[in-house]
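This briefing is intended for reading alongside the sequence and the three-dimensional view. Please keep both at hand while working through the points below.

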Amino acid sequence: MPPPSSTTTPEQTQTYYDDPSTNKFYTLLWGGQDIHIGIYPSPSSTTNDPNITTASHATITHMTTTLLSSAITLTPQTRLLDLGAGYGGSARHLAKTYGCNVTCLNLSRLQNARNNQLCAHEGVADNITVTEGSFETVPRELGEDFDVVWSQDSFLHSRNRALVVAEIDRLLTRNPSGRVVFTDIMATPDAFEKEPVLMKTMMERLHLEDLATVGFYKREFERRGFRDLGFWDGKVHFRTHYSRLGEELRRRREELVGEEGVEESALERQMAGLGRWVEAADKGCVEWGVFCFGR
């Protein structure tokens, strides 16, 4: 497998997520709070209970529990940085539940605008700062004294994931007990050799050359002096989540095209993309789970 990097630029990622049809797809099918893989109580179930929104929130709960289990306390004094924050659902949960001060760094202007609106509506605008920017070059003015760096399914878009790890290292420079908790969509070590056509098709759609592996992140964080505090393997939930999204998209197709004005061609692209992710999962090419690292 080639080194974990890609040809995706921040501008391409921003253009993709700021496309109105793409934004409606994520807002309506995910529920408008989150945009990451969910955790399901019975991953092999074909029923729609719980729904995608509930399952997505379960991931936030799982990651929070992972943090608290790593001997860190979340309080109103906690400074947390969410890299690739999307609509900010995690930030609002952490602010409302623990009083944390959260900085949301995210490229999409449409997502950032919604995040700000929801923060104001839910009464946590004083705890949350929404900043436009890339996690490959985090603005220096944000500081280097965060307690926690958090991210969900965002790093796959990076063209230099080793640089992302280096940025996380810098952001926790002044905190000897800093924590990192994140999820990412990854490939198995042999995925590109085992299914070259399928993986190439998927990467071309996302302007990627490859995906990271579990081993890559473990090596990079260890190289930076972090302790591996555990990896929770949740790839079975990845398959369920993308299958559910496909079911929901088919069920609501007329609504999305007729009432919401989503382009038919955009829906076709999304359906094809979802189907390939499910196929890749079925063929044992995809990894997904929760990482936790500490100083």
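In this predicted model, strand β4, helix α6 (residues 161-171) and strand β5 form a right-handed β-α-β unit. The two strands of the unit, β4 (residues 148-152) and β5, are paired in the parallel sense through five bridges.

- Strand β5 covers residues 179-187 and is mostly covered, with nine of its nine residues buried.
- Arg-179, Val-181, Thr-183, Ile-185 and Ala-187 point one way from β5, while Val-180, Phe-182, Asp-184 and Met-186 point the other way; all of them are buried.
- Opposite Asp-184 stands Gly-289 of β7.

**The sheet as a whole**

- In what order do the seven strands of the open sheet lie? The order is β3-β2-β1-β4-β5-β7-β6, and the pairing is mixed.
- Strands β1 (residues 79-83) and β2 (residues 101-106) run parallel and are joined by five bridges.
- In that pair, the bridge partner of Leu-81 is Thr-103 in β2.

- Helix α10 (residues 235-251) contains 17 residues and reaches 25 Å from its first C-alpha to its last, which is close to the 24 Å expected at 1.5 Å a residue.
- Several residues of α10 are buried, including His-237, Phe-238, His-241, Tyr-242, Leu-245 and Leu-249.
- An α-helix has 3.6 residues a turn, so residues three or four places apart point the same way.
- The axes of α6 and α9 come within 10 Å and cross at roughly 40°. This angle makes α6 oblique to α9, and the crossing of α6 and α9 is right-handed.
- Helix α8 (residues 196-205) and helix α12 (residues 264-282) have axes that come within 10 Å and cross at roughly 140°. The helices α8 and α12 are therefore oblique to each other, and their crossing is left-handed.

**Two loop residues with positive phi**

- Most residues other than glycine have a negative phi.
- Asp-153 has a positive phi, near 55°, and is not a glycine. Asp-153 is placed in the loop between β4 and α6.
- Is Asp-153 buried or exposed? Asp-153 counts as buried because its relative accessibility is 9%, and the limit for buried is under 20%.
- His-207 likewise is not a glycine, yet its phi is positive at about 55°. The loop that holds His-207 runs between α8 and α9 (214-223).
- With a relative accessibility of 40%, His-207 counts as partly exposed, a class that lies between under 20% for buried and over 50% for exposed.

Note on methods:
Residues are numbered from 1 along each chain as its sequence is written. This is a predicted model: local features need pLDDT of at least 70, side-chain atom pairs count only at pLDDT 80 or more; totals for chains, interfaces and linings use all residues. Side-chain values use heavy atoms; hydrogens and water are left out. Buried means under 20% relative accessible area, exposed over 50%, partly exposed in between (1.4 Å probe, protein chains only). Helices (H or I, at least four residues) and strands (E, at least two) are DSSP runs, numbered from the N terminus. Two strands pair if DSSP finds at least two bridges between them. A crossover is right-handed if, with the strands pointing away from the viewer, the path from the first strand over the helix to the second runs clockwise. The expected span of a helix is 1.5 Å times one less than its number of residues. Axes are lines fitted to C-alpha atoms, for helices over the stretch in contact, and angles run from 0 to 180 degrees between N-to-C directions. Angles under 35 degrees count as roughly parallel, over 145 as roughly antiparallel, 65 to 115 as roughly perpendicular and the rest as oblique. A crossing is left-handed if the near helix is turned anticlockwise from the far one by less than a right angle, and right-handed if clockwise.
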